[in-house]
Amino acid sequence: MFRKRKPVKNAWNLLFLILLSGLAEAKTFEHVQKLPVKGTVAVRSESEEGVPGAGEVWSDSVQYAAQSVDYRFDEDTILFLGDAKIRYGKMTLTAEKITLRIQDDMIFAEGIPDSAGKPIGTPVFREGTEEIRGLRMTYNIKTKTGAVVSGKTAFEKGFYRGECIRQMGKDVLGVSRGIYTTCDRENPHYHFYSRRMKVLVNDKVIAKPLIFYVADVPVFYLPFAVLPIKKGRHSGILTPRYGSSSYDGRFIRNVGYYMAPSDYWDATLKASFFEETGWLLESDFRYALRYRFRGSVAGSYKDEWRSGERIKRRWNLRLSHNQTLDPTLSFRGSANFASDKTYMKDTGLHPIDRMNRTMRSDLFLNKRWPKSGNSLSASISHSKFLDTSESTLYLPRIGFRRARKAIFSPDESTEEAARWYHTLYYSFRTNALHTQRKRKNSLTGALEDKNSMDLKGDLNLSTSQKTRWFNLSPSLGWSERWQRTEDGEYIRTDALNTSVGLNTKLYGLFLPRIGALKAIRHVVEPRASFRMQHRRITQGGTYGFGGETDPIKPRRSLNLSLNNLLQIKTQKGKKERKLTLATLNVSTSYDFEKETRPFSDLRTSLSIKPVRRFDVRFSALHSLYDQDDTFDPLRPDLKNMSVTSSLRFSGGGSGKTSETTGLRSSTDPFLHRASDSEERPLIPSLDTKEDGERTPASGPWQFQFSHYYGLYKMATSSRKTSWIKGSLRFNPTTHWRVSYAFNYDLEGKEMTAHDVSIYRDLHCWEAQFQWTPSGYREGYYFLLNIKELPDIKIEKKRGRGGFSFR
C-alpha cells in the first residue's frame with residue numbers, strides 16, 4: 001500500500017517526487033530532464049468523492065525500468081527507451097519505446113524500426129495469466145482501458161488476432177476484424193473471421209458476422225454467433241450429431257440444451273430424430289451437495305414410427321440417490337423402469353446397455369459404530385430377468401456384523417509384552433432374508449409365486465501362532481440357520497466348524513555367477529489345512545423345533561497345495577535386475593467321507609516368462625483315478641487343459657515425445673458430462689498411451705502375437721479350441737500411424753475378426769479411417785476433425801455395430 005501524498009499542483013513537484021525515488025544523479029537540460037533508469041513514479045487516482053473541493057490525489061505509483069528515461073517539460077511526459085518495462089498493479093507492459101503522459105495518465109507503447117524498417121521491441125501487455133501482443137498499444141491507468149493495433153493473444157489453446165483490440169471495460173474486449181484459430185502457424189490452416197467481435201472474458205464471444213475459412217477459402221457463413229468460452233461446466237446448446245444407419249436411416253442426435261445454473265444441480269434435455277423410426281426425447285437431472293448427498297433422475301421417451309405409421313410409444317425411467325446422513329450412517333437407492341423388455345436393447349447405443357438383460361432396483365441403509373467395530377445393514381432389492389420375465393425380490397435383507405476383535409488385549413499402560421493369547425480373536429455376524437420369486441413352471445410355462453425365509457448366525461474364534469519353522473492357524477466356529485423353503489417346509493441347520501492350517505516357506509539360493517547371471521532363488525511354500533464340520537439338520541416343526549432330526553454327519557476334508565517360485569538376478573555393471581522366471585502351483589483335496597474318489601481333481605498352473613517379450617501360461621485339471629476308480633497318482637487322467645503363449649516385439653523411433661496424441665474417438669468431450677448419456681465411442685485409438693507418455697516420434701513399431709489352445713474332455717467325446725491373435729502397429733512417418741489386428745480360428749479355419757486402422761496427423765487437424773472387412777462389425781468409418789474442436793468434423797460410416805458417432 002502507498003501512503004496518500006498531498007496534492008501536487010505543478011510538474012516541478014512531480015519531478016521532485018521522481019528525483020527522491022531515483023538511484024542515480026540526474027542531469028538538467030533546457031527542456032529535458034534525465035531520470036534514473038530504474039525507479040517509481042507517482043500517478044493520479046480518481047478524485048475523492050463526496051469531499052467538496054478535493055482535487056487529484058497522488059495515491060498510486062508506476063514502477064519502471066529502461067535503458068534511457070527522459071522527462072519532457074513542455075509535453076509533461078516521461079519517455080522510456082530501450083527494453084522499457086512498466087509495472088502497475090498486476091499489469092506489466094514491455095516495449096522498446098513507452099511514453100507516459102502525466103496529465104491524463106495515458107501510456108503509449110510501440111516498437112521502433114530497425115535498419116530494414118521492420119519494427120522491433122513491439123509491445124507485450126501482461127495481466128495475470130493473460131498476454132496480448134501488438135504493433136502499438138495505449139492504456140489509461142485511471143480507467144483501466146486501452147487499445148491494441150494488430151494485436152494477438154492466446155487463450156485456452158486458441159489464438160486470437162485483431163486489427164484493433166480495445167479494452168472497453170473490465171473483462172470486456174472489442175475486436176475489429178478479428179480471427180480465432182487453434183492453429184499456431186503464422187498462416188493458419190483454418191480460422192474463424194468476424195468483422196466485429198465482443199469478447200466477455202471467461203464468458204462468451206459475440207461475433208457479427210462469422211465466417212469459417214479453411215486456409216483462405218470460406219466454407220460457411222453465419223450472420224452472427226454467440227460462442228461460449230467459459231471454463232469448466234456451464235450452460236449451453238449441445239452440438240448436434242449427424243449420421244445414418246441401416247435401421248434408423250438418416251438421423252440427427254443430441255439436439256438440445258445443457259443447463260448448469262449452480263454448483264449443486266444441472267440438467268440436460270435433448271432430442272434425436274430418425275428418418276425411418278421416429279423421434280426420441282431424453283432428459284437427465286443431477287443434483288449433489290458435497291459430502292452430503294447426490295442423485296439423478298433420467299429418462300427417455302420414444303415415439304416409434306414405421307412407413308409413416310406409429311407403431312408404439314416407449315419409455316424408460318432411472319432414479320438414483322446416495323446420501324450420508326452422518327459420518328456413520330449412509331443411504332443409497334436406485335430404481336429402473338421401462339415400458340417393455342426390449343427398450344434398452346433397441347435404443348441403447350453402447351453394447352453394455354444393449355446386452356444387459358436384467359433390470360435392478362434397490363434401497364440400502366448402513367450404520368456403523370467405529371469404536372466397537374459393529375455394523376448394521378438393511379436393504380430391499382428387486383431384479384427382473386427381461387428374457388424370461390422371472391423376478392426376484394429380497395424384502396428385506398438385514399445383516400449385523402461384529403468385526404474381528406481380540407479377546408485379550410495387552411495392557412498398554414504397563415507396556416506388557418505380547419503373549420500368545422493376545423492373538424485370540426472372535427467375530428460374529430447374522431443375516432435375515434425374505435425372498436419372493438416369480439418362476440416359470442417347467443410344465444405349463446406360467447409364472448408362479450415362491451416365498452422363502454432365511455435366518456443365519458455365525459460365531460467364530462481364530463488365532464495365528466508363529467513358530468520358528470511353521471505358521472499355525474486354528475479356528476473354531478458355530479453357525480445356526482433357520483429356513484422356510486419355497487415349498488413351505490421348515491428346516492433348521494446347526495453346525496460346528498473347526499479347522500487348522502499349517503504352512504511354511506523353504507528357500508533355496510544358488511550363486512552360479514555365469515556371465516550376467518548372479519543368483520537363482522527357489523521358493524517352495526507347502527500348505528495344508530484340515531477342516532471338520534459336524535452338521536445337524538432338523539426338518540418339520542416350527543423352524544426346525546419339534547421336527548425330525550437327521551443323525552449328525554461329520555464332514556472332514558484335507559486341502560493340500562504346493563507353490564513354487566523361481567526368480568533370478570542379473571547384473572550388468574552397477575545395474576541390477578530381478579526377474580520372476582516361473583511359477584508352478586499344484587493343489588488337491590481329500591474328502592474323508594467319500595467312499596469313492598476321495599481325492600479331488602489335481603489342479604496345476606504354470607507360468608513361464610524367460611524374457612520380457614515372451615511368456616507361456618499353462619493350466620490343467622487331472623483326475624487321480626482311472627476309469628475303474630482306482631487311485632493312480634503316477635498316471636493321472638487329463639480332463640482339460642489350456643496353453644496360452646504370447647510374443648511381443650517393439651522398436652524403432654527416436655524416443656522423442658510425439659506431437660500427436662491419437663484420435664479422440666475414445667474421448668468425446670460431450671461424454672465428460674455424466675448428464676449427457678450419448679453413446680460411448682468404440683473405435684480404439686491407435687495411440688493407447690496416456691498424454692505425456694514418451695513415445696517414438698517417427699518409425700516406431702509394435703508387434704503382438706498370441707496363440708491359445710484348449711482341450712476339454714467329456715465322458716464320450718472331447719472338444720478342442722485353438723485360435724491365434726495378432727496385431728501390428730507402426731508409424732511410417734512422424735504423422736502417419738497404421739494398425740492391423742486379426743483373430744483366426746484354427747479349428748474352424750476362418751477369420752473371425754480383423755480390422756485395419758489408418759491415422760494421419762494434420763497439424764491442427766487429424767483424420768482416421770477404420771475398416772472391418774467381415775463379421776458383426778463389418779463396415780468402415782472415416783473421420784476428419786479439428787483436434788481442439790472435435791465437433792467440427794467430416795465423418796462417414798457404414799455398418800451398424802462397433803463404430804462411433806460423436
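# A guided tour of the predicted model

Asp629 is found in the loop between β43 (614-623) and β44 (637-651), where strands (E, at least two residues) and helices (H or I, at least four) are DSSP runs numbered from the N terminus. This is a predicted model, in which local features need pLDDT of at least 70 and side-chain atom pairs count only at pLDDT 80 or more, while totals for chains, interfaces and linings use all residues. Residues are numbered from 1 along each chain as its sequence is written, and side-chain values use heavy atoms, with hydrogens and water left out.

Select Arg597 next, in the loop between β41 (575-591) and β42 (602-611); Arg597 is not a glycine either, and has a positive phi of about 50 degrees. Its relative accessibility is 32%, so Arg597 counts as partly exposed.

**A buried aspartate.** Now go to strand β36 (residues 490-503), which holds Asp494. Asp494 counts as buried because its relative accessibility is 3%. Show the side chains of Asp494 and Arg536, which are joined by a polar contact of 2.5 Å; such a contact is a pair of N or O atoms within 3.5 Å, and within protein one must be able to donate a hydrogen and the other to accept it, with residues adjacent in sequence counted only if both atoms are side-chain atoms. Leaving out residues up to four places away in sequence, Asp494 touches Trp478, Ser479, Glu480, His534, Arg535 and Arg536, contact meaning heavy atoms within 4.5 Å.

Leu93 has Phe125 in β10 as its bridge partner. On to strand β11 (residues 130-133), which pairs with β10 in the antiparallel sense over 4 bridges, and where Glu131 is the bridge partner of Arg126. The hairpin formed by β10 and β11 has 2 residues between the strands, and Gly128 in the turn has a positive phi of about 70 degrees.

Select Tyr190 and its surroundings: among the residues it touches beyond four places in sequence are Cys183, Phe212, Trp765 and Leu789.

**Two cis peptide bonds.** The bond from Lys208 to Pro209 is cis, with omega near -10 degrees, and Pro209 sits in the loop between β17 (204-208) and β18 (210-214). The bond from Leu395 to Pro396 is also cis, with omega near -5 degrees, but Pro396 lies in strand β31 (residues 390-406).

**Confidence.** Finally, colour by pLDDT, the predictor's confidence in each residue from 0 to 100. The protein averages 81, and 84% of the residues score at least 70. Where pLDDT is low, the predicted coordinates should not be read in detail.

How values were computed. Buried means under 20% relative accessible area, exposed over 50%, partly exposed in between (1.4 Å probe, protein chains only). Two strands pair if DSSP finds at least two bridges between them.
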